[in-house]
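Let's take a friendly walk through this protein, residue by residue and then as a whole. Keep the structure open beside the text as you read.

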Amino acid sequence: MERVLVTGIEPFDGDNINPSWQVAQALAGERIAGAEVVVRQLACVLGLSNQQLIAAIEEVKPRAVICLGLAGGRGEISVERVAINLIDARIPDNAGQQPIDIPVVEGGPVGYFSTLPVKAIVHHMHQAGIPAAVSQTAGTYNCNQLFYGLSHHIASQNLAIKGGFIHIPYSHELAVNHPGKPSMALTTMIEAVRSIVHTTLTVAEDVSLSGGALH
């Protein structure tokens, strides 16, 4: 049976939960569009998390890889479009590292585009009533490092798989610790990622969106 790898990230920056991992866990073992969802938790440790991701890809041999991460302050599902070859950590990671202005991969390309059908993904979430948008920046911290590392691995190894990164908001539970920040129900985020997996597996080519509509 074909597999899809969905990853979440461990809690960081003083939080005791990370909804990206809660969402991934909720989908573990599901069968979507004929593929089994396999999940892995990744560290919030720069460098180590990319090693864990590549090891998981080699173990699972998935048809697609969808990495999830937390973007506190965003109020919608963000489908990331571009990964850049830069780490510029705004806070220390869980190992106390805070590298500034270093590449994710020495000598690697400046950036990569997601190989997920990003606009089709957003369109289908809108059809389901889920707030979502294409994002042009995944930041310069652990999430972008994972996105770039994933993209570089796919490109450099000539893997015939799709891969990309999705940022999710605070869950309502986590937002209690972050007053004034937008949040989304965990059940809605689970449904969003279920839709993302389905669209990734069933849409061969991305669509063009204009004013939120297919044309």
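Serine 195 is buried, with a relative accessible area of 15%, where buried means under 20% relative accessible area, exposed means over 50%, and partly exposed lies in between (1.4 Å probe, protein chains only). You will find serine 195 in helix H6, residues 186-202; helices (H or I, at least four residues) and strands (E, at least two) are DSSP runs, numbered from the N terminus. Leaving aside neighbours within four places in sequence, serine 195 is in contact with His124 and Met125, contact meaning heavy atoms within 4.5 Å.

Before going further, a word on the source: this is a predicted model, in which local features need pLDDT of at least 70, side-chain atom pairs count only at pLDDT 80 or more, and totals for chains, interfaces and linings use all residues. Residues are numbered from 1 along each chain as its sequence is written, and side-chain values use heavy atoms, with hydrogens and water left out.

**The chain as a whole**

The chain has 6 helices and 13 strands. Its radius of gyration, taken over C-alpha atoms, is 16 Å, close to the 17 Å that the globule rule (2.2 Å times the number of residues to the power 0.38) gives for 215 residues, so the chain is as compact as a globular protein of that length. The C-alpha trace spans about 45 × 45 × 35 Å along its principal axes. Of the 215 residues, 50% are buried. Among contacts with a separation of 6 or more, 77% are between residues 24 or more positions apart.

The chain carries 12 positive and 18 negative side chains, the centres of the two sets lying 7 Å apart. Here Lys and Arg count as positive and Asp and Glu as negative, while His and the chain ends are not counted; each charge is placed at NZ of Lys, CZ of Arg, CG of Asp or CD of Glu.

**The nonpolar cores**

In soluble globular proteins, nonpolar side chains tend to be buried together. The largest nonpolar core in this chain has 34 residues, a core being a set of buried Ala, Val, Leu, Ile, Met, Phe, Trp, Tyr and Cys residues joined through side-chain atoms within 4.5 Å. Those with the most contacts inside this core are Leu5, Leu53, Ile57, Val65, Tyr141, Leu150 and Phe165. Two or more residues each come from strands S1 (2-9), S3 (35-42) and S4 (64-70), and from helices H2 (48-60), H4 (142-156) and H5 (172-175). H4 gives the largest share, 6 residues. Apart from this core lies another, of 32 residues, including Ile77, Val122, Ile130 and Met184.

Leucine 5 shows how such a residue is surrounded: beyond its neighbours within four places in sequence, its contacts include Leu53, Ile57, Val65 and Ile66.

| Residue | Relative accessibility | Class |
|---|---|---|
| Serine 78 | 4% | buried |
| Glycine 163 | 2% | buried |
| Glycine 69 | 0% | buried |

Serine 78 belongs to strand S5, residues 77-80, and touches Ala133, Ser135, Phe165, Ile166 and His167, not counting residues up to four places away in sequence. Glycine 163 is in strand S9, residues 162-168. Glycine 163 and leucine 116 are 47 residues apart in sequence, yet their C-alpha atoms are 5.8 Å apart in space.

Glycine 69 is in strand S4. Not counting residues up to four places away, glycine 69 touches Ile9, Ser20, Cys143, Phe165, Ile166, His167 and Ile168.

**Loops and positive phi**

Which phi does aspartate 13 have, in a residue other than glycine? The value is near 55°, which is positive. Aspartate 13 sits in the loop between S1 and helix H1 (19-27), and at 49% relative accessibility counts as partly exposed. Lysine 61 also has a positive phi, of about 55°; this lysine is in the loop between H2 and S4 and is exposed, with a relative accessible area of 64%.
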